[in-house]
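Here are my notes on the model, point by point. Have the structure open while you read.

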Amino acid sequence: MHAEQTEILHFLERFAPFNMLPREELEVVATSISVGYVRAEQTVLEYNQTIDDLHIIRSGEVEVLHKTGELYNRLTEGGYFGEFGLLRKGRVRYPVRTLEDTLLYYLPRDVFTRLFDEYDDFAEAVEVEEHRRVQFAVKQDQPKHDLLSETIDTLISRETVTIDASNTIREAAELMTNEEVSSLLIMDGERSLPVGIITDKDLRKRVLAVGRSDQESVHTIMSSDLVFVQYNQRIFEAMLLMLRTNLHHLPVLKKGQLLGVIALSDVVRHESKSSLFVVSSIFKQNSIEELQTLKADVQASFVRMVNEDANSRMIGASMASIGRSFKQRLLELAEAKLGPPPVPYCFIALGSMARDEQAIVTDQDNALILDDSYQPSLHDEYFVELAQYVTDGLDACGYPYCSGGIMATNPEWRQPLSKWREYFTDWIETPTPERLLHSNIFFDLDAIWGEKHFADELNQLIQKSAPRHKRFLASMAKNAVQRTPPLGFFKDFVMEKDGKQNNSINMKRRGTAPLVDLVRVHALSIGSTQRNTFARLEDIIEANILPHGRGPDLRDAYELIAMVRIRQQARAIAAGEEPDNNIHPDQLSDFERKTLKDAFQILSHAQKYLRFRYSIH
Amino acid sequence: MPLNWTERYQHLAASARDSRLREFYQAGMVAANTPIAEAPLIAVDFETTGMDAQTHGILSIAMIPMTLQRIELHAAKQWIVRPHDPLTESSVVIHGITHGDIAQAADITDYLEEILKFAAGRTWVVHYRGIERPFLQQTLLNRIGESIEFPVIDTMQIEAQLRRKPLTAWQRLLQRTNLKQYPQPSIRLGDSRQRYRLPYYPPHDALTDTLACAELLQAQIAHHYSPDTPIGQLWY
C-alpha cells in the first residue's frame with residue numbers, strides 16, 4: 001500500500017516554485033522525495049561534483065558559494081539549490097555549505113526537469129530570485145533573444161521618404177526638414193528601387209563645405225553604393241553588415257519593393273531595450289536591500305548580450321543605462337527619505353557611465369552640482385546625507401566606492417555651479433599635467449538626475465574653451481600617453497617593450513583606458529560634443545586631424561580590446577567567478593592573441609602620434 | 001539479544017518453519033562491525049490499540065527504507081490491518097483510523113509476505129523498542145505459531161543515554177521519598193527532535209512519525225557518533 005505524504009505536501013504547497021503546480025502534480029512531487037539531515041558547517045555540494053537531485057531546505061540554513069568561495073546566496077526554509085547543475089550538465093556550479101543543522105528534501109532530477117519543461121509558471125519561478133543565470137545554460141533549448149530572432153521590419157516605423165534624382169539639392173534638403181528625416185532615398189524615374197541615398201552628413205560635406213550650389217541635381221551628391229537588406233533578415237545580420245561595410249543606412253526590401261530604411265541608431269536603440277527588463281525592475285525596488293538583489297540580473301543581462309555577440313558599444317550603452325537607473329532610483333528613494341531638496345541640484349555621472357561605455361567591473365564616479373543659491377550652513381547637511389545614501393547604495397549594488405574619492409560624498413565634488421565653473425576654467429586655463437591627472441574623468445560628464453542644464457552648461461564651457469587652450473590639451477595628452485600597451489605575447493606571457501614577461505595583463509589599464517584617454521584629447525581639441533569613444537572617433541575622423549586611415553584603425557582596435565575584456569568577464573561570470581580586468585594569455589585563442597597584438601600596435605602608434613602632435617618628449 | 005545477528009539469522013533461516021520467515025532470514029543481516037553508514041536500515045512505526053503486546057493489537061504499519069545518508073520516503077509503505085483486539089474508542093481518536101477503515105482492512109497475515117520482503121536484510125529503526133518488535137512477535141505467535149527476531153536501533157534509547165545521567169543511590173532515595181526531584185530532559189520524539197533543530201511535525205500520523213524517527217537517527221549519528229560507528233554499538 002502506497003503511503004500518503006501529507007506532511008511533505010503541506011510543506012511544499014507553502015513555497016514557490018512548487019505552489020505553482022496543480023495539486024495532482026504536487027502529490028507526485030511529494031511522493032518522489034527522499035530526505036537527509038546535514039549538520040551545521042558541513043559541505044553539502046562540492047564544485048563540479050555530480051548532482052542528481054534538486055535540494056530543498058525543509059529546515060535550517062545554507063550558504064551558496066561561488067567557485068572562488070565567495071558568498072553567492074544564503075537560503076533557508078523553503079529555499080532550494082542545485083537547479084543550475086541539474087539544468088546544465090549534472091555538475092555542481094555553486095558549492096553549498098550548511099550554516100545550521102539542516103534537513104533537506106531531495107527531488108530527483110528527472111521529476112524536476114520534467115516539471116521545468118511542462119510548467120511555464122514553475123520554470124519561471126525557478127528562474128526568478130537570482131536564478132536568472134540558468135537561462136544561459138539552457139539557452140540552446142529556449143527561444144533566442146530579440147536581437148537574434150527579431151527581424152529588420154520591426155525597426156521600420158514610418159513610410160520611406162524618397163525624392164526623384166532630377167530634383168535639386170535644395171528641394172531634397174527642404175523635404176528632409178519637413179519630414180524630419182536624416183536620410184533620403186533617391187529614385188530614378190520608373191525604376192522601382194532607389195539608386196542612391198543622401199544623409200545630413202552629405203549635405204554638410206558635399207554641399208556646404210565645398211561651396212556646391214544647392215541648385216544642382218541631387219544625384220550629384222548621393223552615395224550610390226547601396227546595400228539592400230530583406231525585411232525578414234535578422235536585425236543582428238543588419239548590424240554586422242553595417243559594421244563590415246561601414247554604411248550607417250540600409251534600404252530594406254520586401255518582395256522586391258522598397259519598404260524603408262534602417263539606420264545604425266535604430267539598431268543600437270533596439271539592443272538597449274534588452275536591458276529594459278533590468279531597468280524596469282530597478283524602479284520597482286523600494287530599498288537598498290531590495291536593489292541589491294538585482295546584482296545577479298545585471299550580470300545576467302551582461303552575459304546574455306555577450307553570448308549573443310552584441311558589440312562593445314551596445315553592451316557599454318546597456319550597462320550604462322542600467323547604472324544610471326540604479327542612481328536615479330537611489331536618488332528617488334533618498335529624496336523620499338530626506339524630503340525635497342532645499343535647493344535645486346544636479347547629480348552627475350563621470351567617466352565610463354557618462355561615455356555610455358560602462359563595463360561590468362566598474363567603480364562609481366559621481367558628483368553633485370548645486371544651485372548657486374546653496375548655503376553650506378543651511379543646506380549641506382541635506383546633501384551630505386543624500387550623497388551618503390546614494391554612494392552606499394551604489395556600493396551595495398555592485399558599484400564599489402571610488403578609490404580616488406571622486407564621489408558626491410567628497411565636499412570638493414559637492415559644490416555650487418559657480419564653483420564648478422571655476423574648477424573647469426582653472427583646469428583648462430592654468431593646467432599642469434599633475435593637476436589634470438586626477439581630473440581627466442571630469443571631462444566625461446553627464447547629468448543623471450535633477451537640473452540637467454547645470455551639466456549642459458559645464459559641457460558647453462568645456463567644448464568652447466578646450467580647443468583654444470593648447471597647454472591644456474598638451475597636459476591632457478601628456479597624461480594620456482602615461483599608460484602604454486604591451487608589445488604582444490610570447491608563449492603564455494605578456495611581452496613588455498623592455499623585454500620583461502608577465503603572466504597577465506590588465507586590459508583596462510593597458511588597453512581601453514589609454515585609448516579612451518587618447519581619443520578624449522583629440523575630441524576636446526576639435527570641440528566635439530560627443531562623449532562616447534566611438535562617437536568621438538567619428539567626429540575625429542570627420543575633422544580629418546589624424547593621418548589617413550588611423551581613425552578607423554583606432555575604432556577597430558578599441559572594439560577588439562574592449563570585446564576581449566568583455567568576453568573574459570562574461571566567461572568569469574558564467575563560471576561563477578568574480579570578473580576582473582585581467583587577462584591571462586593562456587585564456588586567449590591564437591586568433592585573439594594575434595589580433596590583440598595588432599590592436600596594441602595601433603594604440604602604440606596613435607600614442608606616438610599624440611606625442612608628436614603636442615610635442616611631448 | 002545476540003549481538004551477532006549474522007549468525008543468528010543463519011540459524012533462524014535453518015529452523016524457521018514458515019516459508020515467509022525463512023526467506024526473511026535468508027536475506028541475511030550485516031555483521032556487527034559494519035559501519036552504520038553502510039548498513040541498510042528501515043524506519044518503522046506501528047500504531048496499536050494500546051501499549052501491551054499481550055492484550056492489544058496492531059492497527060497500522062508504516063515503513064520507510066533508509067540509510068544514514070538518505071531516507072527513501074518515496075519508497076515508503078503503509079498498511080492498515082485488522083487488530084485481533086476489539087478497537088477501543090481512545091485509540092481511534094488518537095490515530096484517526098476509524099472503525100470503517102478497520103472493517104475494510106485485511107488481517108496482518110494477508111500482508112505478511114509483503115511486509116517481511118520489504119524489511120528483509122534491514123535493521124529496524126524505531127523510537128522506543130517496546131512496541132514494534134514485541135507486537136509483531138506476539139501477533140505472529142498468535143497467527144502462525146512462530147515468533148520473529150531481528151535487530152532494532154532505538155532512537156529513544158540513544159537519546160536517553162546521551163541526555164540522562166544515572167542517579168546515585170542517594171539521589172534515587174531522595175527522589176523516591178519525594179524529598180527532592182531530579183528532572184531529566186524529555187526523550188519523547190518531538191522533544192528530542194527539537195534539540196537537533198529538526199522541524200515540528202504534527203504527531204500521530206503513522207508515516208510522519210516514522211519519518212520523524214528516521215530523521216532523528218540521522219541527526220543523532222551526525223552529532224554524537226560517526227558514519228564509521230559499528231552498527232553493533234547501536235542495535236539490540
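**Notes on the A/B interface and chain A**

1. By salt bridge I mean a side-chain nitrogen of Lys or Arg within 4 Å of a carboxyl oxygen of Asp or Glu.

2. Some ground rules. This is a predicted model, where local features need pLDDT of at least 70 and side-chain atom pairs count only at pLDDT 80 or more, while totals for chains, interfaces and linings use all residues. Residues are numbered from 1 along each chain as its sequence is written, chains are lettered from A and ligands numbered from 1 in the order in which they are written, and side-chain values use heavy atoms, with hydrogens and water left out.

3. How much area is buried between chain B and chain A? About 2,200 Å², with carbon and sulfur atoms giving 51% of that; buried area here is the accessible area (1.4 Å probe) that two parts lose on being put together, summed over both. B:Arg197 turns up again: along with B:Arg70 and B:His74 it supplies 25% of the area that chain B buries against chain A, more than any other three residues. In contact terms (heavy atoms within 4.5 Å), chain B puts in 28 residues and chain A 24 residues.

4. On polar contacts, the rule finds 10 residue pairs across the interface of chain B and chain A, both residues at pLDDT 80 or more. The rule wants a pair of N or O atoms within 3.5 Å; within protein, one must be able to donate a hydrogen and the other to accept it, and residues adjacent in sequence count only if both atoms are side-chain atoms. On the chain B side, the elements giving two or more residues are β3 (77-80) and α10 (206-224), and α10(B) has the largest share, eight residues. Helices (H or I, at least four residues) and strands (E, at least two) are DSSP runs, numbered from the N terminus.

5. Next, the domains of chain A, whose bounds come from an automatic or database domain assignment: domain 1 (6-142), domain 2 (152-270), domain 3 (288-464) and domain 4 (479-613). The C-alpha centres of domain 1 and domain 4 of chain A are 43 Å apart, and their contact takes seven residues from domain 1 and six residues from domain 4. These two domains of chain A bury about 550 Å² between them, 40% of it on carbon and sulfur atoms. Salt bridges between them: zero.

6. Within chain A, A:Glu77 forms a salt bridge with A:Arg58, the closest N and O atoms being 3.7 Å apart. A:Glu77 sits in the loop between β5 (71-76) and β6 (80-81) and A:Arg58 in strand β3 (residues 53-59), so the pair ties together parts 19 residues apart in sequence.

7. A:Ala396 belongs to helix α16 (residues 376-396) of chain A. Leaving out residues up to four places away in sequence, A:Ala396 touches A:Ile288, A:Gln292 and A:Lys295.

8. Lastly, confidence: pLDDT is the predictor's confidence in each residue, from 0 to 100. Chain A has a mean of 86, and 92% of its residues reach 70 or more. Over residues 129-147 of chain A, though, pLDDT stays under 50, and the model has 45 contacts beyond four places in sequence for that stretch.
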